[in-house]
Structures are given as C-alpha cells and as structure tokens.
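These are my notebook entries on a single protein model. I set down what I looked up, entry by entry, with the cut-offs beside the terms.

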Amino acid sequence: MTTDEIRKTDGPAPGPAAQPPPPAHRPPAGPGRAGARPAEGGVLNVFSHGILVLWALMVGVPLLWVLWSAFKDSNGILTDPWGLPTVLHWENWSNAWNEANMGRYFLNTAVIVGGSVTGTMVLGSMAAYVLARFTFPGNRLVYYLFVAGMSFPVFMLVIPLFFVMRDFPGTSLLATYHGLILVYIAYSLPFTVFFMTAFFRTLPTSVAEAALIDGASHTRTFFQVMLPMAKPGLISIGIFNFLGQWNQYLLPMVLNQQEDKYVLTQGLAMIALQQGYENDWGALMAGMVIAMLPVLVVYAVFQRQVQAGLTSGALK
C-alpha cells in the first residue's frame with residue numbers, strides 16, 4: 001500500500017482545527033473618513049452663504065439708505081444720515097418730479113428705451129435665427145463679427161460716432177429720439193445675436209421642417225413657430241437689454257446735449273450738480289428712487305423667466 005492510499009484511508013492528519021479568517025478591520029461609524037466629505041461640504045456651504053450675505057448687504061443697504069433718505073429733508077440727511085425719517089417729507093417726490101424735471105426725463109427715457117429694446121429684439125432675433133439655422137458662405141464670418149463687437153470698448157466709439165451722427169446725410173441725428181434709438185440698437189445687437197444664436201441652436205428643427213412642409217414661408221415659420229418657442233430666451237435677453245439701456249450714461253451724455261431731450265441718467269447728474277448750490281438733497285434721493293423703481297419692478301416681475309431662459313439652453 002502506498003503512502004497516498006494510507007492517507008486516503010486514514011483521513012486527514014490530526015492537527016489544529018481550522019480557524020475562520022479574521023474579519024477585515026473597518027473604521028468605526030461616525031466622524032471619520034466617510035464623514036470628511038460632508039464636513040468639507042458644510043464648510044464650503046458656510047463660506048458661500050457668507051459671501052452671498054455679504055454681497056446682499058453691499059447691494060441692499062445702499063438701496064434702503066436711498067429709499068428712506070428720499071423721505072427726509074436736507075437737514076436730516078446731513079445731520080443724521082443713517083437715521084430713519086421722523087417725519088415723511090412727501091414734497092421731495094413732487095419737487096423731483098416737477099421742479100427737477102424728472103417727469104420729462106422719465107418720459108424721454110421710456111420712449112428711447114422702449115423703441116431701442118423693441119428694435120434690438122426684432123433685429124437681433126432675426127439675425128440670430130438666420131445664423132443658427134441656415135448655412136451660407138460667410139456665415140461664421142458674420143457671426144464672429146458680431147462677437148467681436150462685444151469686445152470693442154464703447155469709449156473708443158463715442159468720438160467717431162459723434163461725427164457720424166452730426167454729419168449724417170440729410171439731417172443731423174444728434175439730440176434726437178430716433179438717433180439715440182439707433183445707437184442703442186447698434187450697441188446692444190452684438191450680445192443679443194450671440195445669446196440668441198446659441199439659444200436657437202437648441203430648439204428642435206423638426207417643428208420648423210413640418211411648418212415648411214405644410215407650406216409656411218420662412219418668414220411665417222420664424223414669427224409664428226420659432227419665435228414663440230424662443231420666448232424664454234427673448235425674455236432673458238430683453239431684460240438684460242432693458243437694464244443696460246435704462247442705465248446708459250456715456251452715450252446720451254455725448255450724443256444728446258439738448259436739455260429737453262435728457263434721459264434719467266443725465267437728469268440725475270444735473271440734479272446732483274445743482275444740489276451743491278440749492279441744497280435739496282431730499283429731491284435728489286427721490287429722483288434716484290424714481291430712476292431705480294422701473295428696473296427693480298421689471299426684474300421682480302420677470303425673475304423666473306430670466307432664470308428659465310438662462311438655464312433652458314443648458315437643460316436642452
């Protein structure tokens with residue numbers, strides 16, 4: 001009998017009982033390596049919220065200060081600038097609207113900005129749609145020319161633009177509503193085309209193709225099919241154009257020197273210059289609130305649409 005056969009008949013050699021392998025060492029639950037990421041995320045959240053609170057204070061406190069200063073007289077503003085008004089001086093608003101001509105400046109601004117925003121949205125969306133949907137020689141060149149217009153500083157344009165408007169064939173465009181509207185449109189078109197081109201590229205092409213198959217022309221397809229689909233983007237870029245054109249100061253200061261055609265920014269500068277002699281700071285604060293209210297109201301009303309328009313392109 002061989003040794004292997006003896007081992008088979010006798011069974012395994014006696015020895016110590018087999019022990020199960022020791023369990024793997026696991027770190028205790030609780031704060032440790034697993035809790036490092038939540039801790040880091042908590043620190044980051046505290047830091048980001050602190051920055052947001054600081055930014056909100058930097059923006060909100062001056063607005064509130066201007067608001068309650070608009071109800072104080074000049075003596076109260078100078079002697080106790082941070083104190084709340086003890087008596088509401090409503091005459092500041094009537095003085096700003098009538099005596100300081102803020103009513104006229106407000107109307108001028110509304111006419112100019114209303115015309116320029118409308119023209120910018122119509123022309124910008126049409127150009128963006130063509131650049132986004134049609135292929136033709138020079139397509140990219142035209143697009144990059146619009147993009148290049150965003151990087152061109154406006155300070156380098158004011159002097160040649162002044163002479164172009166002054167020597168315009170037929171009549172001078174200086175200190176006219178339509179002249180300033182055309183300048184505002186040209187100023188806002190580059191960013192409008194850049195934004196809307198990217199937005200139109202995210203829209204489905206099947207709807208436009210179906211409209212063309214049904215016999216709709218390109219014009220009808222654009223205005224009745226594609227433009228309503230681009231409503232979130234139109235609202236977003238419209239708000240940005242409204243804010244930028246409402247607060248524009250350099251262009252009207254150079255191109256609009258006629259006092260009865262002043263816009264709000266020029267009117268506020270004129271009031272601030274006069275306060276050094278007349279000492280009516282309450283009217284100046286009321287005029288600033290009058291200039292800020294339309295912007296705040298527009299953004300408060302269309303806040304959700306602005307956010308939806310900025311994120312819809314990424315979500316699609």
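**Entry 1: N139.** I began with N139, which is buried at a relative accessible area of 8%; buried means under 20% relative accessible area, exposed over 50%, and partly exposed in between, with a 1.4 Å probe and protein chains only. N139 lies in helix 6 (residues 139-151). I then listed its contacts, leaving out residues up to four places away in sequence, and found V130, L131 and F134. Contact here means heavy atoms within 4.5 Å.

**Entry 2: Basis of the values.** I note that the model is predicted, so that local features need pLDDT of at least 70 and side-chain atom pairs count only at pLDDT 80 or more, while totals for chains, interfaces and linings use all residues. Residues are numbered from 1 along each chain as its sequence is written, and side-chain values use heavy atoms, with hydrogens and water left out.

**Entry 3: The whole protein.** I recorded 15 helices and zero strands. Both are DSSP runs numbered from the N terminus: helices are H or I with at least four residues, strands E with at least two. Of the 316 residues, 34% count as buried. Among contacts between residues at least 6 apart in sequence, 73% join residues at least 24 apart.

**Entry 4: Helix 5 with helix 11.** Two packed helices are described by the angle between their axes and the distance between the axes. The axes of helix 5 (residues 102-133) and helix 11 (residues 231-246) come within 10 Å and cross at roughly 140°. Axes are lines fitted to C-alpha atoms, for helices over the stretch in contact, and angles run from 0 to 180 degrees between N-to-C directions. Helix 5 and helix 11 are therefore oblique to each other; angles under 35 degrees count as roughly parallel, over 145 as roughly antiparallel, 65 to 115 as roughly perpendicular and the rest as oblique. In helix 5, the residues that meet helix 11 include F106, V113 and M121. On the helix 11 side I noted, among others, L234, F242 and W246. The residues of this contact divide into nine nonpolar, seven polar and no charged. For these classes, Ala, Val, Leu, Ile, Met, Phe, Trp, Tyr, Cys and Pro count as nonpolar, Asp, Glu, Lys and Arg as charged, and the others, Gly among them, as polar.

**Entry 5: Helix 11 with helix 14.** I next examined helix 11 against helix 14 (residues 281-301), where the axes are 11 Å apart at an angle of about 175°. The two helices are therefore roughly antiparallel to each other. I239, F242, L243 and W246 of helix 11 meet A291, P294, V295, V298 and Y299 of helix 14. By class, this contact has nine nonpolar, no polar and no charged residues.

**Entry 6: Salt bridge.** How many salt bridges does the rule count? The count comes to one, a salt bridge being a side-chain nitrogen of Lys or Arg within 4 Å of a carboxyl oxygen of Asp or Glu. The side chains of R166 and D167 form this salt bridge, at 3.1 Å from N to O. R166 is partly exposed at 39% relative accessible area, and D167 is partly exposed at 49%.

**Entry 7: Positive phi.** Most residues other than glycine have a negative phi. I noted N101, with a positive phi near 65°, in the loop between helix 4 (91-99) and helix 5. N101 counts as partly exposed at 25% relative accessibility. A175 also has a positive phi, near 55°, and is found in the loop between helix 7 (158-166) and helix 8 (177-202). A175 counts as buried at 14% relative accessibility.
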